Amino acid sequence: MATEPPYLRIAAGLRRRIVSGELTPGDRVPSTRRITQEWGVAMATATKALGVLTQEGLVRAVPGVGTVVAEHARDRGAAPGRPLTRERVIAAAIALADAEGLGGLSMRRVATDLGTSTMALYRHVPNKAELIRLMAEAVFGSPPSGPRPHGWRAGLEREARWLWSQYEQHPWLARAMAALTRPMASPNAMRYTERTLSALTGLGLSPDQMLHIHLTVLGFAQGIAMAVELESLARQDTGMTADEWMTSNEPRMEAVQTTAAFPVLSTLFDEGSFELELDTLFEFGLRRVLDGVEAMVGGAS
């Protein structure tokens, strides 16, 4: 049997600390940076380790706080034995794709990460395409919590932001969902569609209008999310963050923007620095899309 990969050893160590009670629900677990320092591994390995624990339900991300131990984590982590299951295969594949993208995903690589043979994987998942479908199904299996907000706009906002958060956590997901014209046979993804359409019921819209609104919001989020994946891949290829890359290319960009060929663009950048943040772009675009829906709803009522 192959040697257990580093990220699984790290996940096992953190899992033991959770099960033993050393880390209790709500406690922060080591960050990816802390893991790289303590275990001497790359950032991608640290990300994969936390990804495994997230998929097992042992930890969860809290905005502004970090990754913390989830409620009832000890019960989940104390389950006897670690047999190879479909759920473990899916969790390992998600952790791998989160760190390296779909380009780094293969049945052989997942088997290596799990310390087993490729043939053993095929007893649980027939092929890579089905594995990707199951990965997406697992991600869509954690819908937003809490009661449904009042009003169609608040309902659409919640679903769109939830979808965006999944794309941010799993940059490969937008591409995995494929083209809008070829929807994936995914019950959990269809439940997302059902929640979105439910927010639009009783507004006097036609079925075509409801479906087009749903697909417009979905397509907008998916389009911006493709940039999340491209940025993740670019960081792997160049070893630079977006800010570092912009700084290194600043002289060339300034030379282009100050030419007479781009008078409007040059003027805009002269008036102040513009920082492209995908979260800001998503929020700006979502508001504009929903403004258009609001005009349609007003016309239908």
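## Exercises on a buried threonine and on salt bridges

Asp 113 and Lys 48 are both buried (under 20% relative accessible area, with exposed meaning over 50% and partly exposed in between; 1.4 Å probe, protein chains only). The model is predicted: local features need pLDDT of at least 70, side-chain atom pairs count only at pLDDT 80 or more, and totals for chains, interfaces and linings use all residues. Residues are numbered from 1 along each chain as its sequence is written, and side-chain values use heavy atoms, with hydrogens and water left out.

**Exercise 1.** Determine how Asp 113 and Lys 48 are paired, and which helices they lie in.

*Solution.*
Step 1. Side chains of opposite charge can pair when their charged atoms come close.
Step 2. A salt bridge requires a side-chain nitrogen of Lys or Arg within 4 Å of a carboxyl oxygen of Asp or Glu.
Step 3. The closest N and O atoms of Asp 113 and Lys 48 are 3.2 Å apart, and the two residues form a salt bridge.
Step 4. Asp 113 belongs to helix H6 (residues 107-114) and Lys 48 to helix H3 (residues 43-55), so the pair ties together parts 65 residues apart in sequence. Helices (H or I, at least four residues) are DSSP runs, numbered from the N terminus.
Step 5. The whole structure contains 14 salt bridges.

**Exercise 2.** Describe the salt bridges of Arg 153 with Asp 291 and with Glu 294.

*Solution.*
Step 1. Asp 291 and Arg 153 meet through their side chains at 3.0 Å, N to O. This pair links helix H15 (residues 278-300), which holds Asp 291, to helix H9 (residues 152-169), which holds Arg 153, across 138 residues.
Step 2. Arg 153 has a relative accessible area of 18% and is therefore buried, whereas Asp 291, at 31%, is partly exposed.
Step 3. For Arg 153 and Glu 294, the closest N and O atoms are 2.7 Å apart. These partners, in helices H9 and H15, are 141 residues apart.
Step 4. Glu 294 counts as partly exposed because its relative accessibility is 41%.
Step 5. Through shared partners, salt bridges join Arg 153, Glu 157, Arg 161, Glu 283, Arg 288, Asp 291 and Glu 294 into one network.

**Exercise 3.** Is Thr 36 buried or exposed, and which residues is Thr 36 in contact with, leaving aside neighbours within four places in sequence?

*Solution.*
Step 1. Thr 36 is located in helix H2 (residues 32-39).
Step 2. Its relative accessibility is 17%, so Thr 36 counts as buried.
Step 3. With neighbours within four places set aside, Thr 36 is in contact (heavy atoms within 4.5 Å) with Val 41, Ala 42, Met 43 and Ala 46.
Step 4. A polar atom of the Thr 36 side chain lies 2.5 Å from the backbone oxygen of Arg 33.

Key: Helix = DSSP H or I, 4+ residues; strand = E, 2+ residues; numbered from the N terminus. Polar contact = N/O pair within 3.5 Å; in protein donor to acceptor, adjacent residues only side chain to side chain.
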